[in-house]
Amino acid sequence: MIIMAGQKASRRERIKKGIRKNLAGTSERPRLSVFRSNKGIYAQIIDDNAGKTLVAASSLSKDFVASGNKVDQSKAVGKLVAEKAVAAGINKVVFDRNGYLYHGRIKSLAEGAREGGLDF
């Protein structure tokens, strides 16, 4: 089992490197990066040129209030990060799925961000 877990992580890292080769966030269109763990999901809007995180949201943060399953929570995190981004003057982003498949929690976060007002 331990070997399988290592293979999954290295596979995701290979996919991530391939995606990042062609994807970068600028000040006009920053990168919306997603990370998921077994307990929560995290989203950051990053300006790669300046090397700064502009907006962040997490299902484990104190300002997050949602119930339901993990997919519903992911959608709420997407809406939360979109609200924070729109308040900061960010409307267009580049979506970085971070090596994960565009399915389930990642997809619901993206849909929530679109519903919240982000364009990607």
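# Contacts and burial, value by value

Me: Why is K79 called partly exposed?
Reply: In this predicted model, the relative accessibility of K79 is 34%. Buried requires a value under 20% and exposed a value over 50%. The value for K79 lies in between, so K79 counts as partly exposed.

Me: How do you know that K79 and E115 meet in a salt bridge?
Reply: The N to O distance between their side chains is 3.3 Å. The rule asks for a Lys or Arg side-chain nitrogen within 4 Å of an Asp or Glu carboxyl oxygen, so the pair qualifies. K79 belongs to helix α2 and E115 to helix α3, so the bridge ties together parts that are 36 residues apart in sequence.

Me: What network do salt bridges with shared partners form?
Reply: They join R31, D48 and D96 into one network. By the 4 Å rule, the count of salt bridges comes to six.

Me: What makes D63 and K84 a salt bridge?
Reply: Their closest N and O atoms are 3.1 Å apart, and the limit is 4 Å. D63 is in the loop between β3 (52-58) and α2, while K84 is in helix α2, so parts 21 residues apart in sequence are tied together. D63 has a relative accessible area of 43% and is therefore partly exposed. K84, at 30%, is partly exposed as well.

Me: What makes E13 and R12 a salt bridge, and how far apart are their closest N and O atoms?
Reply: The closest N and O atoms are 3.7 Å apart, which is within the 4 Å limit.

Me: Is R12 buried or exposed?
Reply: R12 has 16% relative accessibility, which is under 20%, so R12 counts as buried.

Me: How do α2 and α3 pack?
Reply: Helix α2 (residues 70-87) and helix α3 (residues 105-116) pack at an angle of about 35°, and their axes are 7 Å apart. The crossing is right-handed. Residues making the contact include K70, V71, S74, V77 and K79 of α2, and R105, S108, L109, G112 and E115 of α3. Sorted by class, the contact has six nonpolar, five polar and six charged residues.

Me: Which residues touch the most other members of the largest nonpolar core?
Reply: Those are L32, I45, V77, V81, F95, L109 and L118, in a core of 22 residues. Two or more core residues come from each of β1 (31-36), β2 (41-47), β3, α2 and α3. The largest share, five residues, is from α2. In soluble globular proteins, nonpolar side chains tend to be buried together.

Me: What is V81 in contact with, leaving aside its neighbours within four places in sequence?
Reply: V81 is in contact with L32, A43, I45, V55 and A57. Contact here requires heavy atoms within 4.5 Å.

Me: What makes S33 count as buried?
Reply: S33, in strand β1, has a relative accessible area of 9%. The limit for buried is under 20%, so S33 is buried. With neighbours within four places in sequence left aside, S33 is in contact with R20, Y42, A43, Q44, I46, D96 and N98.

Me: Is G25 buried or exposed?
Reply: G25 has 0% relative accessibility, so G25 counts as buried. Its place is the loop between α1 (2-21) and β1. Not counting residues up to four places away in sequence, G25 touches P30, R31, I46, D47, D48 and N49.

Me: Why is G51 called exposed?
Reply: G51 has a relative accessibility of 60%, over the 50% limit, so G51 counts as exposed. G51 is in the loop between β2 and β3.

How values were computed: Residues numbered from 1 in each chain as written. Predicted model: local features only at pLDDT ≥ 70, side-chain atom pairs only at ≥ 80, totals over all residues. Heavy atoms only, no water. Axes fitted to C-alpha atoms, helices over the stretch in contact; angles between N-to-C directions. Helix = DSSP H or I, 4+ residues; strand = E, 2+ residues; numbered from the N terminus. Left-handed = near helix turned anticlockwise from the far one by under 90°. Nonpolar A, V, L, I, M, F, W, Y, C, P; charged D, E, K, R; others polar. Buried < 20%, exposed > 50% of the residue type's maximum accessible area, 1.4 Å probe, protein only. Core = buried A, V, L, I, M, F, W, Y, C linked by side-chain atoms within 4.5 Å.
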